[in-house]
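Let's take a walk through a protein chain together, stopping at a few side chains along the way. Keep the picture open and find each residue as we come to it.

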Amino acid sequence: MWEGNQTEVKEFILRGLSINGGGQALLFTLFFVIYFLTLFGNISIIMLVWSNASLHKPMYFFLGNLSFVEIWYTTSTVPKMLSGFLSQDNRISFTGCFIQFFFLFTFGTTECFLLAVMGYDRYLAICQPLRYNILMSSRICSCLAAFCWIIGLLLSVVPVSLISQLPFCAENEVDHFLCDTGPLLELSCVRDFAIEVACSICTSSMLLITFSLTCISYIFIIHTTIRIPSSTGRRKAFSTCASHLTVVIMFFGCAMYMYVRPSGKHPLYFDKMVAVLYTIVTPLLNPVIYSLRNKEFIKAVKKVMKH
């Protein structure tokens, strides 16, 4: 055991993307615009789904939930990153760091389960069309969404509570733009194998389970779709899944590179770039991908614009 389980570190310094001079101002402008567009795009989706009766369907209900997750997922990191571009010394309190870590993990986990549920929804729509309205009733949709949120909150407690108990001594510079599992474990005075394994199992198993469930849904979807006799029918079936599949590949690809890999030294700068992709760029692209590839959604947008 560590002596009194006390930490001497009261705050951390986030080193961010480590670009000097005029590059900081350029990055601030870039990420501010991305953040603004992310908020605008995802809030627009939520408002459209809520206000348009033609979008009161399970697929759009889950899309609204996903957009709500994306808003807070990116908000857990970007404002602090932006403030870091404006200051020479980007400090964050010990408590603030773990609060950020908690929300980052919560919303990330919730998104993983939501994407798996959205895959299941597409499976039912294509493979079980006659029973779809029964199997995806409003009550079942609400229960599935609530499960995603609850499991996200519960699973985040494990790594946050374990890592926050580790002793942090002299070194307090986090070589990242956010507080995450890897950088925080690197800063600890003591390498605790049990905690590292527990955090790794929690994160990797969550990612692998949700990704596997999504893949299973798509295996059944592909099996059903290739048996559709008309090419128009096959194209229509695939088009309803294309947006979701694009988001799944982007999000899970980046997240699994970061969290489901052998331990050891990895290029820090590349890790930061991948983290930018799944915490900042993906939340921006989700509204674009879902809106541009969905005729029903485009129709709803045009209807609102006419008014």
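In which helix does isoleucine 163 lie? Isoleucine 163 sits in helix α6, which covers residues 138-164. (Helices are DSSP runs of H or I with at least four residues, strands are runs of E with at least two, and both are numbered from the N terminus.)

Before going further, a word on the model: it is predicted, so local features need pLDDT of at least 70 and side-chain atom pairs count only at pLDDT 80 or more, while totals for chains, interfaces and linings use all residues. Residues are numbered from 1 along each chain as its sequence is written, and side-chain values use heavy atoms, with hydrogens and water left out.

**Around isoleucine 163**

Back to our starting point. Isoleucine 163 has a relative accessible area of 0%, so it is buried. (Buried means under 20% relative accessible area, exposed means over 50%, and partly exposed is in between, using a 1.4 Å probe and protein chains only.) What does isoleucine 163 touch, leaving aside its neighbours within four places in sequence? The list is Phe98, Phe101, Phe168, Thr181, Leu184, Leu185 and Cys199, where contact means heavy atoms within 4.5 Å. Isoleucine 13 is 150 residues away from isoleucine 163 along the chain, and their C-alpha atoms are separated by 17 Å.

**The cysteines**

A disulfide is a covalent bond between the sulfur atoms of two cysteines. Here, two cysteine sulfur atoms within 2.5 Å count as one, and that rule gives 2 disulfides.

One of them joins cysteine 97 to cysteine 179, with 2.0 Å from S to S. This pair links distant parts of the chain: cysteine 97 is in helix α4 (residues 94-127), and cysteine 179, 82 residues apart from it, is in the loop between β3 (173-174) and α7 (181-187). Cysteine 97 and cysteine 179 are both buried. The link between cysteine 97 and cysteine 179 is left-handed, with -125° about the S-S bond.

Cysteine 169 and cysteine 189 form a disulfide too, with their sulfur atoms 1.8 Å apart. Cysteine 169 lies in the loop between α6 and β3, and cysteine 189 in the loop between α7 and α8 (193-225), so this pair ties together parts 20 residues apart in sequence. Are these two buried or partly exposed? Cysteine 169 is partly exposed at 30% relative accessibility, and cysteine 189 is partly exposed at 37%. Count the bonded cysteines along the chain and the disulfides follow the pattern 1-3, 2-4.

Cysteine 112 is buried, with a relative accessible area of 1%. Cysteine 202 is in no disulfide either: the nearest cysteine sulfur, in cysteine 199, is 7.3 Å away. Cysteine 202 counts as buried, at 10% relative accessibility.

**Aromatic rings**

How many aromatic pairs does a search of the whole structure find? The search finds 23. To pair, rings of Phe, Tyr and Trp (its six-membered ring) need centres within 6.5 Å; planes under 30 degrees apart are stacked, over 60 edge-to-face and the rest tilted. Here are two of the pairs:

| Pair | Centre to centre | Angle between planes | Type |
|---|---|---|---|
| Phenylalanine 31 and phenylalanine 85 | 6.0 Å | 10° | stacked |
| Tyrosine 257 and phenylalanine 270 | 5.5 Å | 85° | edge-to-face |

Phenylalanine 31 is in helix α1 and phenylalanine 85 in helix α3 (residues 78-86), so their pair ties together parts 54 residues apart in sequence. Both phenylalanine 31 and phenylalanine 85 are buried. Tyrosine 257, by contrast, is partly exposed at 28% relative accessibility, and phenylalanine 270 is partly exposed at 46%.

Rings can also gather in a group: Phe12, Phe94, Phe98, Phe101, Phe105 and Phe168 form one aromatic cluster. Phe98, Phe101 and Phe168 are also among the contacts of isoleucine 163.

**One last stop**

Histidine 176 is in the loop between β3 and α7. Histidine 176 is buried, at 5% relative accessibility. Beyond its neighbours within four places in sequence, histidine 176 has contacts including Leu14, Arg15, Asp271 and Lys272.
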